[in-house]
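Please look over the sequence and the model shown below before reading on.

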Amino acid sequence: MSTTAPLSVTLPVRLVGAGLLLAMGGIHLYLWQTGYKDVHLIGPAFLANAVLGALAAVAVLLAPRRWLAWVCLLAGLLELGTLGALLLSLTVGLFGFFEAWSAPLVTPTILVEAVGFLVLDGFAVHQLLASRRAGRPR
């Protein structure tokens with residue numbers, strides 16, 4: 001019994017996952033360009049997020065099938081970490097910076113990052129558990 005997901009599953013995961021990673025990075029690059037670059041620690045973090053989002057998208061698109069679950073797991077954790085940072089900045093602050101719910105792109109960012117995490121890590125966990133049940137490391 002094969003535990004490798006068929007192309008009809010992996011292709012949409014790759015395309016949707018990469019698209020959501022690019023959206024996350026694009027949002028952060030846009031916000032960085034429109035003023036966040038001047039915020040201590042937050043500015044460099046936004047630029048790093050844009051770069052990491054693009055690199056993760058490329059990795060999701062190009063990863064060999066045997067590594068895809070692990071790449072998706074890490075890419076989904078990037079989305080989750082970014083979402084966590086936003087939620088911290090909206091509630092208790094992050095590095096002394098407090099974001100407002102009315103700030104540009106807060107709601108779309110939450111949606112992109114939450115769905116990105118669910119798509120990428122949902123796929124990864126399913127694949128890794130299937131491999132474990134089959135008795136093979138993936």
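## A residue in helix 2

In this predicted model, Asn 49 touches Met 24, Gly 25, His 28 and Thr 82, when residues up to four places away in sequence are not counted. Asn 49 itself has its place in helix 2, and its side chain is joined to that of Thr 82 by a polar contact of 2.7 Å.

Is Asn 49 buried or exposed? Its relative accessibility is 7%, and because buried means under 20%, Asn 49 counts as buried.

## The largest pocket

Helix 1, helix 2, helix 3 and helix 4 each give two or more residues to the lining, and the largest share, 6 residues, comes from helix 2. By residue type, the lining of the largest pocket divides into 16 nonpolar, 6 polar and 1 charged.

## The largest nonpolar core

The largest nonpolar core has 34 residues, and those with the most contacts inside it are Leu 21, Tyr 36, Val 60 and Cys 72. At least two residues of this core are supplied by each of helix 1 (7-33), helix 2 (42-62), helix 3 (65-91) and helix 4 (106-134), while the largest share, 9 residues, comes from helix 3.

Leu 21 touches, among others, Val 60, Ala 75, Leu 78 and Leu 120, again leaving aside residues up to four places away in sequence.

Notes. Residues are numbered from 1 along each chain as its sequence is written. This is a predicted model: local features need pLDDT of at least 70, side-chain atom pairs count only at pLDDT 80 or more; totals for chains, interfaces and linings use all residues. Side-chain values use heavy atoms; hydrogens and water are left out. A nonpolar core is a set of buried Ala, Val, Leu, Ile, Met, Phe, Trp, Tyr and Cys residues joined through side-chain atoms within 4.5 Å. Buried means under 20% relative accessible area, exposed over 50%, partly exposed in between (1.4 Å probe, protein chains only). Helices (H or I, at least four residues) and strands (E, at least two) are DSSP runs, numbered from the N terminus. Contact means heavy atoms within 4.5 Å. Ala, Val, Leu, Ile, Met, Phe, Trp, Tyr, Cys and Pro count as nonpolar, Asp, Glu, Lys and Arg as charged, and the others, Gly among them, as polar. A polar contact is a pair of N or O atoms within 3.5 Å; within protein, one must be able to donate a hydrogen and the other to accept it, and residues adjacent in sequence count only if both atoms are side-chain atoms.
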